[in-house]
Amino acid sequence: MFAMLNYLRVKYFGEKGQGIVEYALILAAIVVLAAALSTGSLGTAVTNTFKSVADKLTGTGTGN
């Protein structure tokens with residue numbers, strides 16, 4: 001029993017475990033940012049900006 005607990009402690013709370021936690025936090029931040037951009041007015045503004053740039057690059061824009 002103690003050997004298993006020690007194994008889990010070393011695996012998840014060692015330096016490798018720290019890396020896993022850091023990647024999980026980065027992934028969570030990306031998910032929250034993506035959710036915020038897709039649902040709010042900021043998301044609409046970013047989408048419109050990218051569309052405007054793409055239109056100007058392809059020559060299909062309104063000439064603004």
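Let me start with L8, which lies in helix α1, covering residues 2-13, where a helix is a DSSP run of H or I with at least four residues, numbered from the N terminus. This is a predicted model, in which local features need pLDDT of at least 70 and side-chain atom pairs count only at pLDDT 80 or more, while totals for chains, interfaces and linings use all residues. Residues are numbered from 1 along each chain as its sequence is written, and side-chain values use heavy atoms, with hydrogens and water left out.

L8 counts as partly exposed because its relative accessibility is 34%, the class between buried, under 20% relative accessible area, and exposed, over 50%, with a 1.4 Å probe and protein chains only.

Turning to the chain, there are three helices and zero strands, and the elements run α-α-α from the N terminus on. Of the 64 residues, 5% are buried.

On confidence, pLDDT being the predictor's confidence in each residue from 0 to 100, the chain has a mean of 78, with 84% of its residues at 70 or more. Confidence is lowest in α1, at a mean of 75, and highest in α3, residues 41-58, at 83.

Finally, α3 has 18 residues and reaches 26 Å from its first C-alpha to its last, close to the 26 Å expected at 1.5 Å a residue, the expected span being 1.5 Å times one less than the number of residues. Just after α3, G59 takes a positive phi of about 80°.

Definitions and conventions:
Helix = DSSP H or I, 4+ residues; strand = E, 2+ residues; numbered from the N terminus.
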